[in-house]
Amino acid sequence: MGAVRGWLLALIAASLLCALAGALMPSGGVKQVGRLVCGLTLLAAILQPLAGLDMAEGQQWLADYFAALELRETELEETVDGQMKVIIEQRCAAYIVDKAAQLGLTCEARVECRAEGNGVYLPVRAEVSGTLGEAGRARLASAIAEDLGIPKEEQIYLEKEDVP
């Protein structure tokens, strides 16, 4: 703010000096040359702050700004990806519980997802706890493998008594 104030004061001083010189100059060729000199003086006063600009500093500031912007964008993408993973895991677990209810079973489920290219999360492991019985477990395992694509080897079943 101080630099702007100094620039404005210099501009006002140059304007007053030119106005005073113009009033004191005799008419004719001298006045025309005086006007030219006053115009150049005002132009120099207006453009003076541009002479003090450090272009390398401005470029460095811009590079730092873009680097910070890229870092923030990466952080936001990671946050969104993490939130999407949690949402997908919760929805897949809810699907398993609903599917079990359709089969007449009661259980709790926990699903683990893994990123597959382009930020897409796919369920890869399921942990189901409840009193399912062998037949119920087999039907639910088939439904999970078919509907969610979780292989039977990655499905873990815990009987209610096994759950801490």
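A disulfide here means a pair of cysteine sulfur atoms within 2.5 Å. As a reminder, a disulfide is a covalent bond between the sulfur atoms of two cysteines.

Before I go on, this is a predicted model, so local features need pLDDT of at least 70 and side-chain atom pairs count only at pLDDT 80 or more, while totals for chains, interfaces and linings use all residues. Residues are numbered from 1 along each chain as its sequence is written, and side-chain values use heavy atoms, with hydrogens and water left out.

What about Cys-107, and which cysteine sulfur is closest to its own? That one is in Cys-92, at 14 Å, too far for a bond. By this rule, the disulfide count is zero. Are Cys-92 and Cys-107 buried or exposed? Cys-92 is buried at 10% relative accessibility, and Cys-107 is buried too, at 9%. Buried means under 20% relative accessible area, exposed over 50%, and partly exposed in between, with a 1.4 Å probe and protein chains only.

Now the sheet. Helices (H or I, at least four residues) and strands (E, at least two) are DSSP runs, numbered from the N terminus, and two strands pair if DSSP finds at least two bridges between them. Strands β1 (residues 107–116) and β2 (residues 120–130) pair antiparallel over 10 bridges; Glu-108, for one, has Ser-129 in β2 as its bridge partner. Three residues lie between the strands of this hairpin, and Asn-118 takes a positive phi near 60 degrees. β2 and β3 run parallel, joined by four bridges, one of them linking Glu-127 to Ile-156 in β3.

Put together, the three strands form an open, mixed sheet in the order β1-β2-β3. β1 and β3 (155–158) stand at the edges with a single partner strand each, so one side of each has no neighbour in the sheet.

Next, the helices. Helix α3 (residues 55–102) lies across β1 and β2, at about 140 degrees to β1. Helix α4 (residues 133–148) packs on the sheet, touching β1, β2 and β3, and makes about 150 degrees with β3. Axes are lines fitted to C-alpha atoms, for helices over the stretch in contact, and angles run from 0 to 180 degrees between N-to-C directions; contact means heavy atoms within 4.5 Å.

Finally, in α1, Leu-11, Ala-14 and Cys-18 are buried, and what covers the buried residues of α1 includes α2 (29–51). Thanks, everyone!
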